[in-house]
Amino acid sequence: MAYFLQQMINGLTVGSMFGLIAIGYTMVYGIIGMVNFAHGDIFMVGGFIAIIAFMVLGLLGITWVPLALLCILILGMAFTALHGWVVERVAYRPLRGSNRLAPLISAIGMSIFLQNYVQLLQGARNKALPPIISGGIEVMDMGGFAVKLGYMQIVIVGLTIVLMIGFTLLISRTSLGRQQRACEQDMKMAWLLGVDVDRTIALTFVMGAGLAAVAGLVWLMYYGVIDFFVGYLAGIKAFTAAVLGGIGSLPGAMLGGILIGLIDTLWAGYFSNEYHDVATFAVLVLVLIFRPTGLLGKPEIEKV
Amino acid sequence: MAEATVNTSAAPAAATGARAHEPSFVYLVKDALATGAIALALAFPLVGFRTVDRGSTTIIETRFGQMFLGVAVIALGRFAFSLIDAGYARAILAGSGVLSVAWLLLVAVDPGGAAIFPLGWMSWMLVVSVALRAAYVSWGDRSEARGDAVSPGDRVAATVQRLAVFFGPVLLLFAIAMPLLPMADQRWVDLGILVLTYVMLGWGLNVVVGLAGLLDLGYVAFYAVGAYSYAIIAKTFGLNFWEALPMAGGLAAMFGVLLGFPVLRLRGDYLAIVTLGFGEIVRVVLLNWNELSNGPKGIGEIPRPSFFGMPFTPAPPQGVTSFHQWFSAHLWEIGFSPIQRAVYLYYIILLLALLTNIFTLRIRKLPIGRAWEALREDEIACRALGINPTNTKLTAFAIGAMFGGFAGSFFATRQGFISPESFNFIESAIILAIVVLGGMGSQIGVVIASIVLIGGPEWFRDLESYRMLAFGGLMVLIMIWRPQGLLAFREPTILLKPKAGPP
Amino acid sequence: MTATAMTTTAMNAAAALPLLQVDHLSMRFGGLVAVDDVSFTAMDRQITGIIGPNGAGKTTVFNCLTGFYKPTVGRLALSHSDGREFLLERMDGFRITQHAHVARTFQNIRLFPRMSVLENLIVAQHNKLMRASGYSVFGILGLGVYRRAEQAAVERARYWLGRVGLTDRANDEAGNLPYGAQRRLEIARAMCTEPVLLCLDEPAAGLNARESEELNELLKFIRDEHKIGVLLIEHDMSVVMRISDHIVVLDYGRKIADGNPEKIRNDPTVIRAYLGEEEDETLPPEVARDLGVRG
Ligand SMILES: Nc1ncnc2c1ncn2[C@@H]1O[C@H](COP(=O)(O)OP(=O)(O)OP(=O)(O)O)[C@@H](O)[C@H]1O
Ligand SMILES: [Mg+2]
């Protein structure tokens, strides 16, 4: 029981991170109907920018943790969002309205490019960061097994909740959100009504990348290491989360993220550590076959 | 380098912008500076700083010098691109052409001299791409002036395809004669085997991606299934290469059907990500299922191919004739040499690749091949014509998988040792890059791409680390420039001939 | 004009047998009822027009007929002249064309744009050719059985190319044809599947007057010489009124009228549906001409 509780806590933490990445997939899919394969790598770039920012701030003598974290959060989001914007501008915008295979291949190319770009610039080996926030609360002790809730875990889940609330408000209350929803429903019509479609799509990528940057930062702090390949697996899992939750739906992405986090951790905790990636893929395939609209998604009927 | 891509692809947008604003010099300079500013912001965290491992800790270094040089190169490149579009294509072509040739000469004379250019190869590639773009645009302008309806890109593709009629047989003759040429040492033959393996993989994947339009990101899984099936079948049942090959191919095709059946109904991008996942699953299973695959240690001592039962060994066991003994007895005296086996392997893969090619060329002209292409064009229309989309896609998937499996068996028998390491996503990405850069659907394109992308880096070892970076960047660029594929040029599979005889 | 319509109707009525029986067809998308309890019968060797304002549910009826949508409620029975009956609502989309021989065209043209005109017509004969090629085995081996079948397919394509006047464009890419030619090619492609029921979704949209006239001739030819039933969605009244033997009028998903062109032309409900609710007695001249109402 205690073990289970511990796994649940860990799963929730990991799931929050998947959820943050999944939002980027889901929003982009919602608006232009494509899987942004490079999104996992944007997350990885976010992680790298975070580790570099940590070290630079350390050199500059900014070591008070809350201030440093805030700086890194803002810097990381800004620089990563810029990467997201450029990726859209370079690899996807010229292909809008072209055949359906072209943007997919372009996205794959972009993903390969980013991985190798970071590998060349920063080296292929793991980058390690000493723990910034350590320690935690002992929630309870059952039969000699102490269930721990790390401060880092609290930070991650808390940050995710705050971002989710802010984000939901952004989409439902602001004019940007309205424009985004309009583009989602009918891009041509939105354009005719004076919505700047290009700008709206670009901002979608920017927001997705910003959230991925947060995920990169907390991932780095939680695991303490990052490498250029981390975006590949995390990306697939986050995408699975987006599909499971119902692609195109924001709460769905979060829900899917948490479920995937739980499946991942519980599988690793109870069955076999080796096969927990396989478990995620199995979930992906099963969901796509039996319920392609996911848990919270709207059914998609092809118009003929 | 990410910024280099910004440049080239943003050029068309700059062109329209520049034309709309009356291409004033000031505007172009401002535009180049803006690009430079974005590049600087992008480069600042990842290029400007470098994490270095010192023992157990990581420290950080700066390299602002390189960063500024890089950004300057990019701003200049952007400026050159906008000048090309503003009508100075000839001048830019002359300038960049001279510059890139001069650079090559410099390297030829003094290999260390490359350092004169900031950022070495990278800026050379930018100069070359500026030159290419300038050539393309000035050519396009001329053909526009002549009133040609066909874009220069289409014309290049058409020309290559037409030349392929002559070029193909020459290439084939060369491929057949290569191991017998005097300069063919072990290194040449090995390189030939490597290139041909990728040609075969490329042709196999071309059926799936180029003809049927299904983006398969886990092609390497079938390669792995083929390799492991061959290794296990050959070792467990003591079958030789030619006996085990069809079984391995069949098993790979079966995997293709098993995977394809549930997922081929999915829309294109879901299919892509599921195949990506499948590739990963196969690798993870191979890594962990020790009883079957011997885990990360891999399978060794895989039977090598023999020539009609005659092994390629210096001293065969009692009662077995080895190839060189037989050859010496019946033709002329040769001693044992490891190259004999390499040459034999070379001809095996050449044969397999040619079979793949002939099969593909034939099946393209059959109803199933036309249905693949029709599905790629419009699945809904296909359904309205009574074509079963799932089954049709499934055949493409299975046939692609089968060729992947054949190539895998060959890989296993050639290496004599396989481990899951050889079958990761990078491998899938390389094969896909060959297909895409070669011009989806173009058979000769795959050959050219394999020679350039596989052969090239083998010769220029120092480019190795940039290889995948260039693959990724080129995939993006080619999609932007020619979304149908670089050498995409489609001959109709059947022509209507005027009716013979009286009507 | 009225007289010709009358005679064709009378002539065909004698030979006509019910081909398609639509009973209580409803199609719901979430809260939206796109087709609401529609029933009608389409006769063999007749042109049945389906008209109605934008969004009336015409295309949705076609999508149900050809298996792209599964109807929420309803029975769609197709009877072949040999007595076989198919319940279309139970069949997969591609099987409807393959076995029940219903062919269709699309409101927004769906050709295979990068394949040649001839290839478009050959792909339409896929199932037949697949069988002849022994599911590709004979084809790969280059056996005569397959070569003869392919030759026959080319001849059928040649026939239809001649019919729609595209013989000299046969080897060009379909996507490069002018708009009107693409529409005709799509009809030719549908005919190459050898249908018993041909469903055309606004085939005259975007055609000029002469092309529209040629289309009329083509449709009559298909009906009279190939002896099949045609379902025709069309906004252009001059086409519908002149060549339909029978007309079904939909509005907001419901059937509001059903009958021969003469009857529809004078039906007050139809006129109201087209002109809106305000009872405006003076029709705009072009509408009046199209509807043939003498003001
Ligand atoms: N896949 C779908 N999902 C949701 N609503 C749909 C779908 N297909 C059609 N509809 C709706 O059903 C209604 C009828 O559409 P339909 O296309 O059948 O009209 P139509 O009579 O063909 O109109 P038009 O003359 O404009 O072609 C419309 O309100 C349309 O928005
Ligand atoms: Mg319609």
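The model is a predicted one, so local features need pLDDT of at least 70 and side-chain atom pairs count only at pLDDT 80 or more, while totals for chains, interfaces and linings use all residues. As for bookkeeping, residues are numbered from 1 along each chain as its sequence is written, chains are lettered from A and ligands numbered from 1 in the order in which they are written, and side-chain values use heavy atoms, with hydrogens and water left out.

Staying with chains B and C, the rule also finds 3 salt bridges across their interface, a salt bridge being a side-chain nitrogen of Lys or Arg within 4 Å of a carboxyl oxygen of Asp or Glu. C:Arg114 and B:Glu377 form a salt bridge, with their closest N and O atoms 3.6 Å apart. On the chain B side, α12 (338-364), α13 (367-377) and α14 (379-384) each supply at least two of the residues that touch chain C. Helices (H or I, at least four residues) and strands (E, at least two) are DSSP runs, numbered from the N terminus. The largest share of that side comes from α13(B), with 8 residues. Sorted by class, the side divides into 19 nonpolar, 4 polar and 11 charged residues; Ala, Val, Leu, Ile, Met, Phe, Trp, Tyr, Cys and Pro count as nonpolar, Asp, Glu, Lys and Arg as charged, and the others, Gly among them, as polar. In all, 34 residues of chain B are in contact with 41 residues of chain C, contact meaning heavy atoms within 4.5 Å. The two chains bury about 3400 Å² between them, and 64% of that is on carbon and sulfur atoms. Buried area is the accessible area (1.4 Å probe) that two parts lose on being put together, summed over both.

Next comes the interface of chain B with chain A. Here 65 residues of chain B are in contact with 64 residues of chain A, and the area buried is about 6000 Å², with carbon and sulfur atoms giving 74% of it. Within chain B, the residues that lose the most area to chain A are B:Leu46, B:Tyr270 and B:Ile273, which together make up 13% of what that side buries. Helix α9 (residues 268-288) of chain B gives the most to the side that touches chain A, with 13 residues. That side of chain B has 44 nonpolar, 12 polar and 9 charged residues.

One spot in this interface can be followed residue by residue. B:Thr51 is found in strand β1 (residues 49-54) of chain B and, at 2% relative accessibility, counts as buried; buried means under 20% relative accessible area, exposed over 50%, and partly exposed in between (1.4 Å probe, protein chains only). The side chain of B:Thr51 makes a polar contact of 2.9 Å with that of A:Gln122. Leaving aside neighbours within four places in sequence, B:Thr51 is in contact with several residues, including A:Ile52, A:Met55, A:Lys127 and B:Ile59.

In chain A, helix α4 (residues 101-122) has 22 residues and reaches 32 Å from its first C-alpha to its last. That is close to the 32 Å expected at 1.5 Å a residue, the expected span being 1.5 Å times one less than the number of residues. α4(A) is mostly covered, as 20 of its 22 residues are buried. Just after α4(A), A:Gly123 takes a positive phi of about 90°.

Positive phi values turn up in chain C too, in residues that are not glycine. C:Asp37, in strand β2 (residues 32-43), has a positive phi of about 50° and is partly exposed, with a relative accessible area of 42%. C:His101 has a phi near 60°, sits in the loop between α3 (93-100) and β6 (102-104), and is partly exposed at 24% relative accessibility.

As for the chains themselves, chain B has 18 helices and 2 strands, and buried residues make up 55% of its 503 residues. Chain C has 13 helices and 10 strands, with 54% of its 295 residues buried.

Notes. A polar contact is a pair of N or O atoms within 3.5 Å; within protein, one must be able to donate a hydrogen and the other to accept it, and residues adjacent in sequence count only if both atoms are side-chain atoms.
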